Amino acid sequence: MLNSFEYTLPASIRNDVDAHIKSWFDAGKIKRLWSRDASVWTGSDEANWLGWLDIVDEELGDLQKYRDLQADIAAAQF
């Protein structure tokens, strides 16, 4: 991997994070999130900002911009 990083949390925080993640899995919130169920949060305006769920497909659909960027970088000998 080109760029990798690792992080650790203090045990007290890690335990809380682990418990929260487990509660999301147990409640089926992960599946609901990927189904764009905005009620996972407050159910108010969250549906307006769930576009990030499709970002991979969007970006894969427009690879030319990355090819162009790569060519520009190479041409600039950056």
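Modeller: The answer below starts with the residue and then turns to the chain around it. This is a predicted model, in which local features need pLDDT of at least 70 and side-chain atom pairs count only at pLDDT 80 or more, while totals for chains, interfaces and linings use all residues. Residues are numbered from 1 along each chain as its sequence is written, and side-chain values use heavy atoms, with hydrogens and water left out.

The residue is Glu 46, in the loop between α2 (29-34) and α3 (55-60); helices are DSSP runs of H or I with at least four residues, strands are runs of E with at least two, and both are numbered from the N terminus. Glu 46 is buried, that is, under 20% relative accessible area with a 1.4 Å probe, protein chains only. Glu 46 has no salt bridge, defined as a side-chain nitrogen of Lys or Arg within 4 Å of a carboxyl oxygen of Asp or Glu. The nearest side chain of opposite charge is Arg 32, 10 Å away. The side chain of Glu 46 does reach the backbone nitrogen of Ser 44, at 2.9 Å.

As for the setting, the protein chain has four helices and zero strands, in the order α-α-α-α from the N terminus. Buried residues make up 9% of its 78 residues. The C-alpha atoms of the protein chain fill a box of roughly 50 × 35 × 20 Å along the principal axes.

How values were computed:
Buried means under 20% relative accessible area, exposed over 50%, partly exposed in between (1.4 Å probe, protein chains only). Lys and Arg count as positive and Asp and Glu as negative; His and the chain ends are not counted. A polar contact is a pair of N or O atoms within 3.5 Å; within protein, one must be able to donate a hydrogen and the other to accept it, and residues adjacent in sequence count only if both atoms are side-chain atoms.
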